[in-house]
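Subject: Structure for your review

Dear colleague,

Please find below the structure that I am handing over to you. I would be grateful if you kept it open while reading the notes after it.

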Amino acid sequence: MFGVVAVGVPAALVIRLVTMAVTIGLARRPRVARWTALLGSLLASMLTMGVALYVIGSGRPVEGILVHHGASGIVFSYAVTPLSAWFLMVLGLIAAPVALYSAGYFAHAVAADRIAVVGAAFNLMLGAVEVVFVADGVIVFLCAWELMTLATAALVATEHEARASRSAAYLYLVMSHVGTGCLVAGFLLLAAASGSMSFPVLLSGHVVSGPLRDGLFVLFFLGFGVKAGVIPFHIWLPEAHPAAPSSISALMSAVLITAGIYGLYRVCAFGLGVPDVSWAFASMVVGMVSAILGVLYALTQNDLKRLLAYSTIENSGIIVLGLGAAMMAMAQGQPALASVAVAASLTHVLNHAVFKGLLFLGAGSIVMATGTRQLEQFGGLLRRMPWTGLFFLVGALAISGLPFLNGFPSEWLTFQALLLGFSSTPGLMRLNFPVAGAMLALTTALAAACFVRAFGISFLALPRSAAAANAEESPAVMLAPQAFLAVLCLGLGLLPGVVLGALQGVMASLPGLQPAARMADGSLGMASGLTSFDHVAPAVFGVALLGGLAVAGLLTARRGLAARRVPTWGCGGELTAQSEYSATAFSKPMTMIFRAVYRPTRTVDALGEVSPYFPREVHYRSEIEPTFERYVYGPLVRAVVRAATGMKVLQAGSLHAYLAYVLVLAVILLMWLGGTA
Amino acid sequence: MASNPDAVAAIAGAVLQIAGLLAVAPLLKTAIKKMKARLQNRQGPPLMQGYYDLAKLLRKETVRSETASWVFVAGPRVYFAAALAATTLVPVLVAAAPLEAAGGILLLVGTLALGRFALATAALDTGSPFGGMGSSRDMTIAALAEPALMLGLFASALAAGSMNLGVLVRSLVEHGPSWHPSDLLAFAGLFIIVIAETGRIPVDNPATHLELTMIHEAMVLEYAGPDLALVEWASAVKELLYLTLLVDLFMPVGIATNLAPGAVAVAFLAWGGKVLLLAVAVTIAESTNAKLRLFRVPELVSISLGLAFLALAIRFL
């Protein structure tokens with residue numbers, strides 16, 4: 001068994017490489033290329049997941065060698081630790097159905113002449129993320145990290161004729177490279193301090209100390225935070241997600257964001273030694289702000305995929321909040337409490353990947369059927385697309401953190417961690433926890449409002465456009481992956497104990513944690529992990545809900561489900577799509593209440609021939625202020641441009657000037673070397 | 001997990017409790033109406049009016065919009081089932097919740113949120129602008145109320161060291177109500193939230209069908225017959241549930257600790273008396289206040305949030 005598992009990771013990578021080569025070779029036969037790329041990816045993802053499940057189940061890491069170059073003596077090894085395995089499992093669990101979905105979806109969403117490139121990039125991105133998760137040394141990690149970024153940027157720019165796609169890909173690259181720069185600097189400093197390039201040495205926790213350690217934390221938090229999409233490093237995310245094909249967006253939310261989270265785990269929380277209180281505090285604040293602002297921005301979006309992208313920021317925030325709580329507990333020397341928080345955060349990594357993957361696939365089906373991403377153009381889709389609607393509803397319920405679906409257990413655990421943190425942390429730091437709890441409650445409730453709006457406006461009532469009225473259901477190859485993820489939402493929601501049981505080994509492998517023996521309790525529910533507080537068993541409680549439904553059925557049995565059908569009262573006029581409540585109207589109260597955040601502006605132009613009081617046409621335009629783009633990144637970009645303009649003087653384009661620079665530099669170097677010698 | 005009673009007893013308890021609360025809930029709703037009328041020098045409806053209304057609605061024909069889908073049919077049913085299921089997590093007469101092995105306060109809040117999600121989604125289904133308006137407003141107020149509700153519940157739960165209502169009530173019965181100032185603050189905060197969540201003045205007006213003031217009513221405007229009966233009944237159960245929750249968290253005096261008939265009878269009288277007392281408080285709040293504009297509600301809710309946060313702070317600092 002072990003022998004098979006040991007070759008699993010290299011085998012998956014070889015499959016990906018071969019698939020890429022074959023796909024590119026088949027560029028002239030797009031249909032074959034499409035199926036080759038995606039079936040190859042499906043196979044590789046399943047193989048990776050198999051290895052991950054083995055490591056999680058056995059608790060033993062799998063290690064091996066990726067590249068061994070005899071002549072130069074270079075050896076690149078890999079290690080699937082239980083933590084890596086958890087992230088690999090999440091990757092496999094989402095990437096496999098997404099590959100199947102894409103086999104159908106790319107036929108529509110990607111032009112035939114670039115299907116081979118997109119299919120290859122698809123595999124390159126996933127393979128790179130796999131290597132990121134299993135990399136055992138700095139060089140492999142950074143190369144894979146960079147390949148992951150480049151492949152994703154290529155996928156974001158799939159429709160590169162569109163200016164929006166190009167600028168989204170560019171923004172993504174710029175932000176990513178700022179992050180990568182931080183990572184390179186951080187790893188170089190660490191390597192210089194430890195004299196090694198291999199992770200087990202580098203990230204053993206006692207390489208650096210003092211201000212250098214704090215500085216490294218900041219570098220790594222920034223570097224990984226950009227990828228994780230937490231505010232204020234999030235600005236690439238709401239641009240890149242809508243620009244990419246929907247199944248790529250699903251992967252970006254479920255896999256790419258997760259790579260950032262993995263980095264935060266591997267390096268920031270468990271690689272630099274016992275976290276400092278200030279790190280934990282900063283992480284919690286970043287998590288809270290991301291959660292609350294993410295959901296607030298999601299709530300007012302009229303572009304379905306932008307809405308989902310902002311919701312990814314929210315969920316990333318919840319994950320980082322849990323991680324921050326864990327770091328706080330570790331800083332306070334409370335390993336049991338830290339385990340609860342880590343369990344909350346890692347469960348949410350899995351759950352978010354599942355429901356966000358599902359929602360993005362649903363969004364892809366809608367976009368394919370209607371040709372638009374605008375909520376105000378949808379409406380009544382449930383009639384035309386009953387299955388997509390059902391699966392999207394499951395995803396919407398799950399992401400709102402409602403019981404019986406998988407959003408609930410992880411949010412429940414996060415609440416437990418925060419409450420336990422409040423009652424067992426000394427000093428003023430404890431007030432951090434109830435504030436975070438209140439923020440999380442607000443976030444969850446706002447997410448519910450956001451997804452009532454997203455589902456209700458898209459799928460219910462009357463179609464708001466001809467495109468929505470004539471939408472057609474997706475083919476089975478696209479519905480089956482959604483069905484799979486929807487069932488997973490329900491399964492993980494009803495039996496959270498199974499997930500916690502699997503997590504036990506992962507938590508035990510991390511330094512500074514001490515998971516309680518039975519967080520997964522016997523009734524397939526889960527307990528908070530410390531002796532008191534709470535336990536939950538959604539499957540048991542589900543019986544009560546079924547009972548309630550039965551009573552409702554009995555009460556209305558006399559009339560049955562039959563009903564007289566009449567037109568809706570249209571307030572005196574005929575009911576049209578015009579009189580339905582729109583997405584903008586739905587979120588209007590929120591815009592008013594949180595106007596300090598949104599700073600909404602609106603302009604109304606009445607065009608009249610005689611006087612504006614008798615308008616012939618009214619132009620209405622409302623928007624909310626892009627705070628971060630305007631006040632944080634705007635000045636930053638202007639400063640960079642100014643500095644670059646200043647530097648232009650040096651780059652005169654004259655060969656003589658350049659030779660002079662070389663001369664001056666050589667003289668300075670010689671003087672410096674002479675001085676030291 | 002507290003001494004896990006065998007499944008049969010749990011199910012029997014759950015069934016009895018659901019049936020009992022279902023039976024009493026309409027009475028509470030009518031009693032508040034009646035008391036309110038008396039304060040305004042009106043006669044008010046007979047006390048049995050709630051039951052007559054439900055009986056009438058259940059006999060009537062169901063009329064649904066032709067634009068509505070199955071979501072519209074599912075809405076009231078899930079709302080009703082969620083309210084019923086939530087009652088099994090709350091101790092009423094005995095200091096143990098029938099299904100306390102299934103979860104505590106967070107599950108309770110989550111289940112009620114599931115019901116609200118179902119109803120608010122269904123409200124968008126007919127295409128009537130009222131449904132959307134009600135749905136939007138209801139979700140807005142619920143979202144604002146949620147942090148205050150959670151903080152208020154945390155403040156009470158942390159004192160008892162558990163988020164499980166059964167454990168919490170037993171701890172309170174054992175140690176007696178503390179009358180700590182933080183309890184009073186948390187109570188005041190939660191009382192405001194209960195008013196907001198049950199759709200009472202000054203947040204919502206349950207007696208109106210005017211587009212400026214409707215919130216909950218706008219959401220359910222399109223329902224008729226048995227569908228409407230389910231919504232009305234579930235709302236009544238929810239209101240009773242919230243008042244019972246306040247009783248449990250702050251003054252569970254008199255609750256039975258065993259199943260002796262005498263103790264249960266005393267517990268019934270004590271519970272009834274305390275719920276009635278709270279109902280009087282709700283009536284007075286409703287009669288002496290004017291309905292707030294929608295955009296003034298956040299201020300009211302933030303008062304509650306502040307109270308709950310103070311409650312937490314002074315207990316532990």
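The notes below cover the contact between the chains, then pairings and backbone features.

The model is predicted: local features need pLDDT of at least 70, side-chain atom pairs count only at pLDDT 80 or more, and totals for chains, interfaces and linings use all residues. Residues are numbered from 1 along each chain as its sequence is written, chains are lettered from A and ligands numbered from 1 in the order in which they are written, and side-chain values use heavy atoms, with hydrogens and water left out.

The contact between the chains

Chain B contributes 80 residues to the contact and chain A contributes 78 residues, where contact means heavy atoms within 4.5 Å. About 6,900 Å² is buried between chain B and chain A, and carbon and sulfur atoms give 76% of this area. Buried area here is the accessible area (1.4 Å probe) that two parts lose on being put together, summed over both. Within chain B, the residues that lose the most area to chain A are B:Arg64, B:Phe117 and B:Leu124, together 9% of what that side buries.

Between chain B and chain A there are 20 residue pairs in polar contact, both residues at pLDDT 80 or more. A polar contact is a pair of N or O atoms within 3.5 Å; within protein, one must be able to donate a hydrogen and the other to accept it, and residues adjacent in sequence count only if both atoms are side-chain atoms. On the side of chain B that touches chain A, the largest share, 17 residues, comes from α5(B). Helices (H or I, at least four residues) and strands (E, at least two) are DSSP runs, numbered from the N terminus.

The count of salt bridges between chain B and chain A is 1, a salt bridge being a side-chain nitrogen of Lys or Arg within 4 Å of a carboxyl oxygen of Asp or Glu. It joins the side chains of A:Arg564 and B:Glu61 at 3.1 Å, N to O. A:Arg564 also stands opposite B:Val63 in β1(B). Strand β5 (residues 564–566) of chain A runs parallel to β1(B), joined by 3 bridges; two strands pair if DSSP finds at least two bridges between them.

Pairings within chain A

Over all chains, the structure holds 19 salt bridges. In one of them, the side chains of A:Arg16 and A:Glu130 meet at 2.8 Å, N to O. This pair links distant parts of the chain, with A:Arg16 in helix α2 (residues 8–25) and A:Glu130 in helix α5 (residues 115–134) of chain A, 114 residues apart.

Strands β6 (residues 601–608) and β7 (residues 615–623) of chain A pair in the antiparallel sense over 8 bridges. They form a hairpin with 6 residues between them, and A:Arg602 has A:Ser622 in β7(A) as its bridge partner.

Backbone features

Most residues other than glycine have a negative phi, and most peptide bonds are trans. A cis peptide bond joins A:Ile231 and A:Pro232, with omega of about 10°; A:Pro232 lies in the loop between α9 and α10 (237–243) of chain A. In chain B, B:Ile201 and B:Pro202 are joined by a cis peptide bond with omega of about 15°. A:Phe404, although not a glycine, has a positive phi of about 80°, and is found in the loop between α16 (386–399) and α17 (407–424) of chain A.

With kind regards
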